[in-house]
Amino acid sequence: EDDLEFIHCEHCHKESHNLRLLTCLHTMCLDCLNKNTSVEQCPLCGTSIPRASGILDMDNLLFTNVQARLSIYKKIADRVDLFCEKCKKASEFWCSECEEFLCTKCFKAHQHYLKRENHAAKRVTDIRAGSAKDFLEATRRTGNLSCSNPTHRGQTVSIYCKTCEKALCCSCALLDSHHAPFCDIRSETQRRQEELSTASRELRGKRSSFKATYVALEDEVARLEEAQREMRELIRQRVEQLVRLIRQEEEDLLGLVEARQEQGQRELVRELQRVEGVLRRMEASERLVEKMSLYATEQEVMDMQPFIKGSLEELQRMQLPAAEERVQSGDFAECKARLQAL
């Protein structure tokens with residue numbers, strides 16, 4: 001579906017299993033990042049990519065996991081031959097908790113032995129009749145958080161320790177007296193998601209200011225170009241009335257106008273690109289937070305929220321240049337004075 005194209009690389013727009021989330025919150029594949037190693041900045045917004053210890057980024061767990069879940073849906077929707085994971089017979093059911101296809105016989109055994117685990121296996125035909133969004137929503141609810149203790153991977157996680165900032169199982173919380181205070185893991189997940197949403201809303205208001213500055217800079221570039229054209233025409237009209245002895249002065253004046261225009265335009269374009277880069281970062285942050293709220297599992301929120309929050313806070317600290325610091329351009333007073341004297 002078109003609205004799921006966001007899981008592709010934002011630079012080459014291709015599907016990749018090696019997606020990286022940069023500090024500017026743009027997502028790119030490793031191939032595109034490796035092609036831009038000499039530039040050392042994001043090709044979409046121009047933000048610097050520190051490379052002292054490699055590329056400063058993290059795996060985009062949200063996009064990668066959505067791709068994996070969509071690959072299952074595509075197998076079902078494309079009607080490829082699906083076989084039971086247990087007995088290799090034709091499958092009729094899919095369990096999102098076990099991530100396995102099951103035949104009717106194995107499905108009955110699955111339901112009997114896991115009836116207390118609340119595994120909601122669905123018919124393959126029902127999944128095929130639904131949309132990709134329906135499948136993503138159903139599998140999103142099955143995403144479970146894992147205990148940070150490697151020996152407790154099978155334990156259910158429902159507690160969050162505010163001291164060590166980790167998800168814990170009941171065994172860790174009871175046996176380790178250093179873990180305190182506690183809160184419910186789902187309330188902590190919801191708090192983190194709301195924190196991202198709040199930061200995104202605040203940036204949306206700030207984005208309008210950057211957008212206004214961007215438009216003003218575009219108008220300034222157009223005004224500068226118009227002033228250049230008008231000045232060139234005026235110079236040509238006046239110089240054509242003079243004798244050949246002052247032709248050299250004409251060339252000097254034209255060269256001065258070109259220098260002033262190029263200097264001013266370079267400064268304006270540089271400022272325009274900077275503001276445009278910030279706007280693109282803000283757009284990327286809004287998209288990512290929106291997709292997190294729509295498709296992210298609790299594990300993905302817990303893993304990615306601190307990284308995304310840091311980038312959002314960096315955007316919040318950015319300030320617009322003061323009016324007196326803004327680039328001033330298009331001053332042809334010197335040219336006019338010399339022309340009048342001529």
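Reply: Happy to! Let's begin with the open sheet, which has three strands in the order S5-S4-S6, paired in the antiparallel sense. Keep in mind that this is a predicted model. Strand S5 (100–102) and strand S6 (122–123) are at the edges with a single partner strand each, so one side of each has no neighbour in the sheet. Strand S4, covering residues 93–95, pairs with S6 through two bridges, again antiparallel. As background, strands of a sheet pair through backbone hydrogen bonds, in either a parallel or an antiparallel way.

Now for another pair of strands. Strand S1 (residues 19–22) and strand S2 (residues 27–29) run antiparallel and are joined by three bridges. Arg 20 faces Met 28 in S2. S1 and S2 make a hairpin with four residues between them, and in that turn Leu 25 has a positive phi of about 70°.

Leu 25 is among the residues touched by Ser 285, together with Leu 203, Leu 312 and Leu 315, when residues up to four places away in sequence are not counted. Ser 285 lies in helix H8. Is Ser 285 buried or exposed? Its relative accessible area is 1%, and since buried means under 20%, Ser 285 counts as buried.

Leu 288 also contacts Leu 25, and its other contacts beyond four places in sequence are Leu 21, Asn 60, Leu 62, Phe 63 and Ile 308. Leu 288 belongs to the largest nonpolar core, which has 59 residues. Leu 288, Leu 62, Met 292, Ile 308 and Leu 312 are the residues with the most contacts inside that core. Helix H8 (residues 247–295) gives the most to this core, with 11 residues. A second, separate core has 11 residues, including Met 231, Ile 235, Val 239 and Leu 253.

Next, look at Glu 300, whose place is in helix H9 (residues 298–317). Glu 300 is buried too, with a relative accessible area of 2%. Setting aside neighbours within four places in sequence, Glu 300 is in contact with Leu 61, Leu 62, Asn 65, Arg 69, Met 292, Tyr 295 and Gln 305. Glu 300 also shows how folding brings together parts of the chain: Glu 300 and Asn 60 are 240 residues apart in sequence, yet their C-alpha atoms are 9.0 Å apart in space.

Two other helices are worth a visit. The axes of helix H7 (residues 185–239) and helix H10 (residues 333–341) come within 11 Å and cross at roughly 10°. That makes H7 and H10 roughly parallel. Where they meet, Met 231, Leu 234, Ile 235 and Arg 238 come from H7, while Cys 335, Lys 336, Leu 339 and Gln 340 come from H10. You have seen two of these names already: Met 231 and Ile 235 are in the second core.

Finally, step back to the whole chain. Its secondary structure comes to 10 helices and nine strands. There are 342 residues, and 41% of them count as buried. Of the contacts between residues at least 6 apart in sequence, 63% join residues at least 24 apart. The chain exposes about 19,600 Å², with carbon and sulfur atoms supplying 47% of that area.

Conventions:
Residues are numbered from 1 along each chain as its sequence is written. This is a predicted model: local features need pLDDT of at least 70, side-chain atom pairs count only at pLDDT 80 or more; totals for chains, interfaces and linings use all residues. Side-chain values use heavy atoms; hydrogens and water are left out. A nonpolar core is a set of buried Ala, Val, Leu, Ile, Met, Phe, Trp, Tyr and Cys residues joined through side-chain atoms within 4.5 Å. Buried means under 20% relative accessible area, exposed over 50%, partly exposed in between (1.4 Å probe, protein chains only). Contact means heavy atoms within 4.5 Å. Accessible areas come from the Shrake-Rupley method with a 1.4 Å probe; for residues, only the protein chains shown count as cover. Two strands pair if DSSP finds at least two bridges between them. Axes are lines fitted to C-alpha atoms, for helices over the stretch in contact, and angles run from 0 to 180 degrees between N-to-C directions. Angles under 35 degrees count as roughly parallel, over 145 as roughly antiparallel, 65 to 115 as roughly perpendicular and the rest as oblique.
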